[in-house]
Amino acid sequence: MVEMPQVSKGLEQVYETASRLFADLGYDAVDLKLIADAAGLPTSELTEIGGDKPTLYLGVFTWLHRQEQEALAGALEAFTPDTRGVQRIGDAFLDFCLTHRAFVGMWMHRWAGDAADLDVETPFAKPVLSTMYKVMSPGVLPDVDLELAIWNIIWCVHGFVQFGFIGQDGRGHGSDEPPAIARFREYLHDLIARFTKPAP
């Protein structure tokens, strides 16, 4: 995966604030003054630290992408070409999304057409998808459409983290509830087991 530079503490604080607003409202609905006010900074100082709005947005994606790489690194390096190996990747991705909800929110807005004039797929989605495809290929069953299988994991995880699910009891069960997380993780493991090779 691509190496990403570390950021200063001040810039990281700006990224944290901006990421929450971009995730909640979307890039198109947020202006620099809103971010500056939320960060407790004058707009001029925010711009000096994080750049103009497109630069800040791409900077936030770069920052989150680096954290995603770090979160997946262990599972990718320890990969075994079987069900458990792919489940570890699924677990790492789920854990990352649960602790980086702004990442999920920003991608959800992006999929709905947010920030259409900026390219985030090429620098941030493509490298991760390519790495996952390459690593996971030996662990899947013959004739599996691995590209869509990977997206199935992504769609399921993002949907659960963002919205949770409504149970047979008629209640919403959010991704902040440990029992719901455990239930979803078990389902994710079962989903992965259906298209991967069992351990020898």
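Student: How many disulfides does the structure hold?
Tutor: This is a predicted model, and the structure holds 0 disulfides.

Student: How do you know that Cys 97 is in no disulfide?
Tutor: A disulfide needs two cysteine sulfur atoms within 2.5 Å. The cysteine sulfur nearest to that of Cys 97 belongs to Cys 156, 12 Å away. From the side of Cys 156, the closest cysteine sulfur is that of Cys 97, and 12 Å is too far for a bond.

Student: Is Cys 97 buried or exposed?
Tutor: Buried means under 20% relative accessible area. Cys 97 has 0%, so Cys 97 is buried.

Student: Which residues touch the most other members of the largest nonpolar core?
Tutor: They are Phe 22, Tyr 57, Val 60, Met 136 and Val 157, in a core of 62 residues.

Student: Which helices supply at least two residues of this core?
Tutor: Among them are α1 (9–25), α5 (83–99) and α8 (146–163). Helix α4 gives the most, with 9 residues.

Student: What does Tyr 57 touch, not counting residues up to four places away in sequence?
Tutor: Contact takes heavy atoms within 4.5 Å. By that test Tyr 57 touches Phe 22, Tyr 27, Met 106, Arg 110, Asp 114, Ala 115, Leu 118 and Val 120.

Student: Arg 110 is on that list. Why is Arg 110 called buried?
Tutor: Arg 110 is found in helix α6. Its relative accessible area is 11%. The limit is under 20%, so Arg 110 counts as buried. Not counting residues up to four places away in sequence, Arg 110 touches Tyr 57, and also residues including Asp 119 and Glu 121.

Student: What makes Thr 83 buried?
Tutor: Thr 83 is found in helix α5. Its relative accessible area is 13%. That falls under 20%, so Thr 83 is buried.

Student: What is Thr 83 in contact with, leaving aside its neighbours within four places in sequence?
Tutor: Ile 192, Ala 193, Thr 196, Lys 197 and Pro 198. The C-alpha atoms of Thr 83 and Ala 199 are separated by 6.6 Å, though the two residues are 116 residues apart along the chain.

Student: Why is the side-chain pair of Thr 83 and Thr 196 called a polar contact?
Tutor: The cut-off for a pair of N or O atoms is 3.5 Å. These side chains come to 2.8 Å, so the pair is a polar contact.

Student: Why is Leu 191 called buried?
Tutor: Leu 191 lies in helix α9. Its relative accessible area is 12%. Under 20% is buried, so Leu 191 qualifies. Leaving aside its neighbours within four places in sequence, Leu 191 is in contact with Asn 152 and Cys 156.

Student: What secondary structure does the protein chain have?
Tutor: It comes to 9 helices and 2 strands. From the N terminus on, the order is α-α-α-α-α-α-α-α-β-β-α.

Student: What makes the protein chain as compact as a globular protein of that length?
Tutor: The radius of gyration is 18 Å. The globule rule gives 16 Å for 200 residues. The two values are close, so the chain is as compact as a globular protein of that length.

Student: How much of the protein chain counts as buried?
Tutor: 48% of its 200 residues.

Conventions: Residues are numbered from 1 along each chain as its sequence is written. This is a predicted model: local features need pLDDT of at least 70, side-chain atom pairs count only at pLDDT 80 or more; totals for chains, interfaces and linings use all residues. Side-chain values use heavy atoms; hydrogens and water are left out. Buried means under 20% relative accessible area, exposed over 50%, partly exposed in between (1.4 Å probe, protein chains only). A nonpolar core is a set of buried Ala, Val, Leu, Ile, Met, Phe, Trp, Tyr and Cys residues joined through side-chain atoms within 4.5 Å. Helices (H or I, at least four residues) and strands (E, at least two) are DSSP runs, numbered from the N terminus. A polar contact is a pair of N or O atoms within 3.5 Å; within protein, one must be able to donate a hydrogen and the other to accept it, and residues adjacent in sequence count only if both atoms are side-chain atoms. The radius of gyration is taken over C-alpha atoms; the globule rule is 2.2 Å times the number of residues to the power 0.38.
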